[in-house]
Amino acid sequence: MTFSLTTGRLILGDLQERDRSNLRLLARDPAFQKYVLVWLDTEEQIDTFLRHAIEEANAKDRQDYTLAAREKGTGAFAGLTFIVIDPRYPTSAEFGIALLPAFCKNGYGTEILESFLAFGFTTLGMHRVFGKCDEQNIPSARMMERCGLVYEGTIREHVWLRDHWRSTRYYGMLAGEYSSRSKKGGNNTW
Ligand SMILES: CC(C)(COP(=O)(O)OP(=O)(O)OC[C@H]1O[C@@H](n2cnc3c(N)ncnc32)[C@H](O)[C@@H]1OP(=O)(O)O)[C@@H](O)C(=O)NCCC(=O)NCCS
């Protein structure tokens with residue numbers, strides 16, 4: 001069965017074998033290389049990533065929703081997104097979003113994150129939905145703040161990311177925060 005989430009302007013759907021070239025393109029983007037903790041630097045890494053995503057899409061008790069964002073109407077690949085139930089703490093889910101440069105700064109990230117919050121809390125029944133970003137990644141931090149996520153702290157220089165020690169900022173929202181926000185009539189923090 002194919003899975004999809006619909007946002008205002010995008011469809012988030014399972015990755016397909018044909019997305020190999022889209023992943024290659026995304027991985028070449030300097031912002032992706034600088035900020036994203038996903039390894040798509042070699043053909044072998046792309047293979048492993050794609051195989052894992054396709055396997056997970058067919059898993060019985062699916063925990064990992066790694067999804068391509070495609071523009072409604074044209075079907076153009078806009079970026080790679082995921083929401084994954086934390087295997088260690090299954091009442092939490094982590095999301096991630098990486099868009100191609102042509103799709104940045106147009107509110108798509110915010111739109112996708114809103115849809116992940118709804119899916120995470122309402123459909124998956126999570127207690128906490130969280131995201132993280134390189135501490136130098138201002139657009140990502142702004143996007144999470146804009147959607148009302150709370151800054152939870154920074155893990156300092158925990159991993160070497162291609163050319164620098166990455167410090168990671170964590171942002172989260174709890175189910176109670178999501179439902180009180182929804183009762184007030186949506187995200188009115190921005
Ligand atoms: C981070 C990312 C997902 C944000 O999505 P987006 O669609 O560009 O963000 P939005 O248009 O929804 O805007 C969110 C906020 O970021 C701001 N923003 C976007 N790009 C920016 C930039 N280059 N510099 C400063 N602020 C920026 C927007 O103005 C908006 O801020 P506001 O609340 O003050 O209006 C997207 O830029 C991206 O994919 N970047 C490359 C890969 C990446 O860094 N992924 C995140 C890994 S953790």
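How many bridges join S7 to strand S8, and in which sense do the two strands run? In this predicted model, 8 bridges join S7 to strand S8, which spans residues 164–174, and the two strands run antiparallel. Within this pairing, Val150 stands opposite Gly172 in S8.

The pairing of S7 with S8 belongs to an open sheet of 8 strands, in which the order is S1-S2-S3-S4-S5-S6-S8-S7 and the pairing is mixed. Because S1 and strand S7 (150–161) stand at the edges, each with a single partner strand, one side of each is left without a neighbour in the sheet. On average, and with direction ignored, neighbouring strands of this sheet are turned by 25° against each other. At the end of the order that begins with S1, strand S1 (residues 4–6) pairs with strand S2 (residues 10–14) in the antiparallel sense over 3 bridges. These two strands, S1 and S2, form a hairpin with 3 residues between them, and the bridge partner of Leu5 in S2 is Leu12. Strand S2 is also joined to strand S3 (residues 64–71) by 5 bridges, and S2 and S3 run antiparallel; here Ile11 stands opposite Arg70 in S3.

The C-alpha atoms of Gly153 and Thr6, which are 147 residues apart along the chain, are separated by 31 Å. Trp160 likewise has its place in strand S7, and with 9 C-beta neighbours inside 10 Å Trp160 counts as exposed. Between the C-alpha atoms of Trp160 and Ile54, 106 residues apart along the chain, the separation is 28 Å. Glu157, also found in strand S7, has 13 C-beta neighbours inside 10 Å and therefore counts as partly exposed.

The backbone of Glu157 deserves a separate remark. Most residues other than glycine have a negative phi. Phi of Glu157, by contrast, is near 40°, a positive value in a residue other than glycine. A positive phi, of about 60°, is also found at Lys105, although Lys105 is not a glycine. Lys105 lies in the loop between S5 and H4 and, with 10 C-beta neighbours inside 10 Å, counts as exposed.

Leu15 lies in the loop between S2 and H1, where it has 22 C-beta neighbours inside 10 Å and so counts as buried. When its neighbours within four places in sequence are left aside, Leu15 is in contact with Leu50, Ala53, Ile54, Thr66 and Ala68. The C-alpha atoms of Leu15 and Ala27, 12 residues apart along the chain, are separated by 15 Å.

In helix H1 itself (residues 20–28), the buried residues are Leu23, Leu26 and Ala27. These residues cover an arc of only 100° around the axis, which means that they are placed on the same side of H1. The cover over the buried residues of H1 includes H2, helix H3 (43–57), strand S4 (77–85) and S5. On the face of H1 turned away from its buried side are the exposed residues Ser21, Arg24 and Arg28.

Of the 25 residues around the ligand, Leu99, Cys104, Gly109, Thr110 and Pro139 come nearest. Helix H2 (30–35), strand S5 (92–99), helix H4 (108–123) and helix H5 (138–146) each supply at least two residues of the shell around the ligand, and the most is given by H5, with 6 residues.

Terms used
Residues numbered from 1 in each chain as written. Predicted model: local features only at pLDDT ≥ 70, side-chain atom pairs only at ≥ 80, totals over all residues. Near = placed C-beta within 6 Å. Helix = DSSP H or I, 4+ residues; strand = E, 2+ residues; numbered from the N terminus. Pairing = 2+ DSSP bridges. Axes fitted to C-alpha atoms, helices over the stretch in contact; angles between N-to-C directions. Buried ≥ 20, exposed ≤ 12 C-beta atoms within 10 Å, placed from the backbone. Arc of directions from axis to C-beta. Contact = placed C-beta atoms within 7 Å.
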